[in-house]
Amino acid sequence: MTTTTETTQNPERREWTVTGMDCAACTTKVVKAVGRLPGVSEVKVALMAERLSLTLDPSTTGAGAVEDVVRKLGYGIAPKGQAAPRKKAFVLPDAAPAAGQGDAGRNDDGHIHGGDEARDHADHDHAAPAGASADKSDAGHGSPGHVHSHGDPSERGEPWYRTGKGQLVILSGALLTLAWIAEALTSAEVGRWAFTLACLIGLAPVARRAWAALRMGQPFTIEGLMTIAAIGALFIDAAEEAALVVFLFAVGEVLEGVAAGKARDGIRALATLVPKTALLETGGAMREVPAESLEPGQVVLVRPGDRIPADGDIVEGTSGIDESPVTGESVPVTRGPGEPVFAGSINAEAALRVTVTKAAADNTISRIIKLVEDAEEARAPTERFIDRFSRWYMPAIVGISALVVLVPPLTFGQPWDTWVYRGLALLLIGCPCALVISVPAAIASGLSTGARRGLLMKGGAVIEAAAGVKQVAFDKTGTLTHGKPEVTDTLPFGALDEAALLAVAAAVEGGSSHPLAQAILRRAGERGVIPLPACEGKALAGKGVSALVGDALAWVSSPRHATAEGGLHPEGQARATELEGQGKTVVAVYRDKEPLGLIALRDEPRADAADAVRQLKDMGVSATILTGDNPRTAAAIAGTLGMDYRAEMLPEDKLATIREMSARGGVMMIGDGINDAPALKQATVGVAMGSGTDVALETADAAILRDRVTDVPAQIRLARATMGNIRQNVAIALGLKAVFLVTSILGLTGLWIAILADTGATVLVTLNALRLLRLDPGKQG
């Protein structure tokens, strides 16, 4: 016996690009199949991103086994960063092997794993709504849904007649036409057989998918219901209608594919904003390289009219930068040496040399795309409810259909043909496709519309929460104000002059990035003051900063804290109060029990802040300032903007206030994503705004990329429009179903009307969701 020593390897997170998925059922199937492999866990598939991610134990299952399983399902797959092959158009599934007999995936050592997971690409279980990603925890539900034959993403841009779905339409349409011609030229009997043949040939691929889905434990699929209805119609001598139903089903598939593809294209378009190539500077010469190959530290040349290929800092040149592709800001912003620029922005005026600061995978556009893709996983409560509803809806419809077929003939002696026909029509109209796609189609369109305008929300759950917001809490500095205060007054005490006061204050603030600290340092620089040597700098949360300046401690703090510590005398308190009454922020500079002076600063409100507050009030949303500043300064700004305020708040005070406000309804907190992190997390919806982009994309529920306060009501307006669209979609789906369920039972509508109504409802809700792509949330009314 040979003993083999295996090397134990730690589980690792792996990602692949999977092509050919075009509905949530595809993601569910991949998750189920891959999740059954030993050593595989935490499987997630993002439909829009075409991304498969999982935790893999290489000592149990190799990456090759995962790829084999996905390929056997009919999809293309390649490791992340490589181009994945596209599946062929309209690949009909082979007959499913018997349980346990299927081809198994092989790992890198040739060991065989699995069986059922290698089955054909036949079942599209709508256990998860289209547009939602599936994870392993949902995979085993086996919820009843309907199954579709779906197109291939590689067919985007192809004429419809060259796609797999289009070819099925042509085939079934041609057969139906030939049957009509045969009936017209010969006899009704020949016509009946021609229609029967047309029905069976067109139905064959649908029936094969239905059989494969049944073998995998999914009897309630639209393919299965289509097969039953078509064959049942043949048995009751309704061959013409059976053939027409098969044709209309194929037409509906094409229309659904086109509509759903347009909903996804809005998000895919983001990826085209970054140019494919860049002019890289090496050794004084320029050469063209792929933009995705750029690395931090490299210098690129951006000519006028070109898109900037990477996030970076300008090292030479000054130009107007059109940042609308990234932030939605339509007015070009002048940028010069030392200032940052985003990949995808357009250089409007002069040549620039830019130092790359982020790799392609980590630039702002890539992170926005990733945020939108990951938002698929944050499903809205409404979406989860509809998913649960659809699980019992289909069995209920099948049960009602059986009663319609059996009860009238057996109980009341009614003709079997009439009630079998009505029961079959009921089966077709009962498909929940329109219902399950109504929410994710609207969410995808809403996310895409927001992303194009610099309004980011992390999924349906955030959209639904934002739509219900009744209160907005604003941090003051950097959100309602520009975040760049300027020193307006310096008041040294005693024999000190302004230079001496600034030398101490600048020394204490030397290591701080706070806007007030930066303003003091700028004033010292303007006055030619050199800060004194300092060390042991320390921030006092909500109070100020201290440092060892020379041989003694010095502080820069709020007048309130300075007074408590003996660093501000009564005359200084009175002067500070006077300055604060003018809307200025005042800091006291002092050593141990030795007042040195006061420095007053003012941060002006943004030009659109008052308009934003007015818009919020018109929408029935109240606005409140939460600030650590003194009450007099807060009152001055709040009075100008027409809003409430809470002043002298420490981070824990903001947290408590958000909790208090939440008891009265949904609260949206607007902050910079850093200092206000606890309050942002506590709020119903936390929104990071403006220059806090990096943190915004990581921490908050939502982000506003432009420094516009009016984007706050715009974000709420977008969320409300999306939820309104969802309600419309649900009403359309359920309304049409209810009407045609009744008319089918009463015999007023037949099989072909039933399938047309089912397909029509799905197309209608998808097209209605696409209206959100044209929405401008910045416009009122």
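**Close-up 1. Glu604 and its salt-bridge partner Arg602.** Glu604 is partly exposed at 41% relative accessibility (buried means under 20% relative accessible area, exposed over 50%, and partly exposed in between, with a 1.4 Å probe and protein chains only). Its partner in a salt bridge is Arg602, with the closest N and O atoms 2.7 Å apart (a salt bridge is a side-chain nitrogen of Lys or Arg within 4 Å of a carboxyl oxygen of Asp or Glu). Arg602 is also partly exposed, at 25%. This is a predicted model, in which local features need pLDDT of at least 70 and side-chain atom pairs count only at pLDDT 80 or more, while totals for chains, interfaces and linings use all residues. Residues are numbered from 1 along each chain as its sequence is written, and side-chain values use heavy atoms, leaving out hydrogens and water.

**Close-up 2. Lys584 meets Asp489.** Here the two side chains form a salt bridge at 2.8 Å, N to O. The pair links distant parts of the chain, 95 residues apart: Lys584 is in the loop between α18 (570-581) and β23 (585-591), and Asp489 is in strand β19 (residues 486-492) (helices, H or I with at least four residues, and strands, E with at least two, are DSSP runs numbered from the N terminus). Lys584 counts as buried, at 13% relative accessibility.

**Close-up 3. A network of salt bridges.** Glu498, Arg523, Glu526 and Arg527 are linked to one another in this network. The structure as a whole holds 24 salt bridges.

**Close-up 4. Trp180 and Phe195, edge-to-face.** The count of aromatic pairs comes to two (rings of Phe, Tyr and Trp, the last by its six-membered ring, pair if their centres lie within 6.5 Å; planes under 30 degrees apart count as stacked, over 60 as edge-to-face and the rest as tilted). Trp180 and Phe195 are 6.3 Å apart centre to centre, with 80 degrees between the planes. Trp180 belongs to helix α4 (residues 164-185) and Phe195 to helix α5 (residues 188-215). Trp180 is partly exposed at 36%, whereas Phe195 is buried at 2%.

**Close-up 5. Trp555 and Tyr590, stacked.** These ring centres are 5.3 Å apart and the planes are at 10 degrees, so the pair is stacked. Trp555 sits in strand β22 (residues 552-557) and Tyr590 in strand β23, so the pair ties together parts 35 residues apart in sequence. Trp555 is buried at 17% relative accessibility, and Tyr590 is buried at 2%.
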